[in-house]
Amino acid sequence: MLTVNEEPQLTIGYSVLADRLKNLVYPSFTIPHKVLVSVQNPTKIQLVKNSQVKYLESNDVGVTKSRNLVLSSCDSEILVFGDDDAVFLEDGISKCLEYFTSNPSVDLILARSIDTNGILRKKYRNRSYKLNKFNCAKAGTIEIMVRASSAKIKRITFDEEFGAGTKKFLGDEYIFITDLLKIGGNAVFLPITIAAHPSQSSGVTSYNQTTMQARAKV
């Protein structure tokens, strides 16, 4: 339970395009949290907003620019990244928050996600392990919980040349994690499910020439 004037430990930070804001389903968690929504709105669409949510409206295009705006604006200790078709699971989020509290040296947790049928979206190990540059290439943004305060101190951001909305439309999560590791950050995988999301995403594509070129740049 929070004391008077104490900030929630968790912020859920969404990145959406203006025409998809109406699709966003806000979580109804019992654990204290804030909701932060970065809305990219270059065409100036009239937005319908929730009075309980803080919005960051910009003219930018590209999800990594949006994620970085969320990260820089987050004033909670822990941040989880969402989009308009992600649904977060309170039990898993709560377990990861407990892990962060018990392990103050951990900067980032990579967790699991399921599809809309409740099936794991990827093959995950059933045990926890430390992340390195060889075992985090399949990370999805909604599977990442980061200690935002630490990321700011370490000056870790998403590479804005990569990610959805750019020509190099994948690999931004891998770069984010490995940039953290390169400067001595501590990141772990936990076999905990924190989100549900449709199976297909920008990072799960066929191996055509465009995809291969983007992966080569990563």
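Visitor: How much space lies in the second largest pocket?

Guide: This is a predicted model: local features need pLDDT of at least 70, side-chain atom pairs count only at pLDDT 80 or more, and totals for chains, interfaces and linings use all residues. A pocket is an open set of points on a 1 Å grid over the protein atoms alone, where a 1.4 Å probe fits and protein lies on both sides within 12 Å along at least five of seven lines. Points are joined across faces, edges and corners, and the volume is the space filled by probe spheres set on them. For the second largest pocket, that volume is about 270 Å³.

Visitor: Which residues lie nearest the centre of the second largest pocket?

Guide: Residues are numbered from 1 along each chain as its sequence is written, and side-chain values use heavy atoms, with hydrogens and water left out. Lining residues have an atom within 4 Å of a point. The second largest pocket has 15 of them. Nearest its centre lie K123, Y129, N135, C136 and K138.

Visitor: How many residues in the lining of the second largest pocket are nonpolar?

Guide: Ala, Val, Leu, Ile, Met, Phe, Trp, Tyr, Cys and Pro count as nonpolar, Asp, Glu, Lys and Arg as charged, and the others, Gly among them, as polar. In this lining, one residue is polar and five are charged. The nonpolar residues number nine.

Visitor: In what order do the elements of the chain run?

Guide: Helices (H or I, at least four residues) and strands (E, at least two) are DSSP runs, numbered from the N terminus. The chain has five helices and nine strands. From the N terminus on, the order is β-β-β-α-β-β-α-β-β-β-α-α-β-α.

Visitor: What share of the 218 residues counts as buried?

Guide: Buried means under 20% relative accessible area, exposed over 50%, and partly exposed in between, with a 1.4 Å probe and protein chains only. Of the chain's 218 residues, the buried share is 49%.

Visitor: Which residues does N68 contact, leaving aside its neighbours within four places in sequence?

Guide: N68 sits in helix 1 (residues 63–73). N68 is buried, at a relative accessible area of 10%. Contact means heavy atoms within 4.5 Å. By that rule, the partners of N68 are T157, F158 and E160.

Visitor: How far apart are the C-alpha atoms of D84 and V25?

Guide: D84 is found in the loop between strand 4 and strand 5 (87–88), and its relative accessible area of 11% makes it buried. Not counting residues up to four places away in sequence, D84 touches S15, V16, R20, N23 and L24. V25 is 59 residues from D84 along the chain. Their C-alpha atoms are separated by 7.1 Å.

Visitor: How many residues apart in sequence are the parts that E7 and K34 tie together?

Guide: A salt bridge is a side-chain nitrogen of Lys or Arg within 4 Å of a carboxyl oxygen of Asp or Glu. E7 and K34 form one, with their closest N and O atoms 2.4 Å apart. E7 lies in the segment before strand 1 and K34 in strand 2, so the pair ties together parts whose separation in residues is 27.

Visitor: Is R147 buried or exposed?

Guide: R147 forms a salt bridge with E77, the closest N and O atoms being 2.4 Å apart. E77 is partly exposed, at 31%. R147 has 6% relative accessibility, so it counts as buried.

Visitor: Where does D107 lie?

Guide: D107 forms a salt bridge with K154, the closest N and O atoms being 3.5 Å apart. K154 belongs to helix 3 (residues 148–154), so the pair ties together parts 47 residues apart in sequence. D107 lies in the loop between helix 2 and strand 6.
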